[in-house]
Amino acid sequence: MTHALDIRKLEKAYGPQRVLKGVNLDVKPGSIMGLLGPNGAGKSTLIRSVMGIVEPDAGSIRIGGHPWSREAVRGVGYLPEERGLYKDMKVGEQAVYFARLKGMDKADAVRALKGWFERLEVAGWWDRKVSDISKGMAQKIQFICTVVHEPALLILDEPLSGFDPINARRIIDAVRDLAESGTSILLSTHDMPSVERLCDEVVLLHGGEVVLSGKADVLREEGWAGEQEVVFRGNDLAFTNALGAGAHLDRIEPDVADGVRRAHLRLRDPAQTAGVLQALSSSVDVLEFVKVRPTMESLFIQAVNAAGSNTEAA
């Protein structure tokens, strides 16, 4: 399979500080990869290496199966965390300018841009100066300028920063639609809920190294530690007694409705799920018995803490 982005053994140091330490990463066609990590992990350096803003010391970068080149980078859609538009230009004029820099014909650019302006509800600002629009509006314009030329590879650095929930949802929907149409996306973000909603795979950097990677749903499944949510009707004491030594009861919430209760527990042995369910069902009326997988945020924290502990031990 030809990857949209293939990074191998990428190294970068600033003086004695190694910022990237042999990073491997690949973004598959039509997939969304989350690039995660605490501040200083090396995410920005990795992205800037891909875009040719900084030159790595070692390793390789391939874009669309081809060795890195200025021409290959020219076709990449890149939305940096540091935003910026020319304040004295009109919004539409500037958007057309950026589209033409990406090789679009003017008429095609105008047609595509106006479609995006309608979709993200900024159509009324085409002839207004950038200095007249809000920060959130400017961010939507920059997102449009990044995607209008239909790049095969799209790199988004904190694309939801500063958006209210409604506009964040519009951007999330747009990103998902782009992936479904075949665009490959590298999404760098600290917004863990958006990672769970969007990302097929994740790579977590810490101290310039990959400390966690894989399919998001698989990582959450593998990180499950026996947490269950149980909705039941019956006596609390009977419920607790039925658990016995099979699980630790965290709490039972007040009535959900008409005597229906919700309990949160942790199985002592996740392999004994069926046995615990059977024991409960013999004492109370179990309505739901649902596995509670860890969030990406909790996996993120665990992996970073584990990596920090390993570094200290070394």
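This is a predicted model: local features need pLDDT of at least 70, side-chain atom pairs count only at pLDDT 80 or more; totals for chains, interfaces and linings use all residues.
The chain holds eleven helices and 14 strands. Its C-alpha trace spans about 70 × 50 × 35 Å along the principal axes. Of the 314 residues in the chain, 43% are buried. Among contacts between residues at least 6 apart in sequence, 67% join residues at least 24 apart.

Helix α1 comprises residues 43-50 and is mostly covered, with six of its eight residues buried. These buried residues are K43, T45, L46, I47, S49 and V50. Just after α1, the backbone at G52 adopts a positive phi of about 80°.

Which residues of α6 are buried? They are N167, A168, I171, I172, A174, V175, L178 and A179. Because these residues cover an arc of only 160° around the axis, they lie on the same side of α6. The spacing follows a general principle: an α-helix has 3.6 residues a turn, so residues three or four places apart point the same way. On the other side of α6, P165, I166 and E180 are exposed.

The cover over the buried residues of α6 is drawn from both helices and strands. It includes the strands β3 (32-36), β7 (153-157) and β8 (184-188), together with the helices α4 (106-119), α5 (135-147) and α7 (192-198).

The axes of α5 and α6 come within 12 Å and cross at roughly 5°. Angles under 35 degrees count as roughly parallel, and α5 and α6 are therefore roughly parallel to each other. On the α5 side, the contact is made by K140, F143 and V147. On the α6 side, N167, R170, I171, A174, V175 and L178 take part. Several of these α6 residues, including N167, I171 and L178, also belong to the buried set of the helix.

Key:
Residues are numbered from 1 along each chain as its sequence is written. Side-chain values use heavy atoms; hydrogens and water are left out. Buried means under 20% relative accessible area, exposed over 50%, partly exposed in between (1.4 Å probe, protein chains only). Helices (H or I, at least four residues) and strands (E, at least two) are DSSP runs, numbered from the N terminus. The arc is that of the directions from the helix axis to the C-beta atoms. Contact means heavy atoms within 4.5 Å. Axes are lines fitted to C-alpha atoms, for helices over the stretch in contact, and angles run from 0 to 180 degrees between N-to-C directions. Angles under 35 degrees count as roughly parallel, over 145 as roughly antiparallel, 65 to 115 as roughly perpendicular and the rest as oblique.
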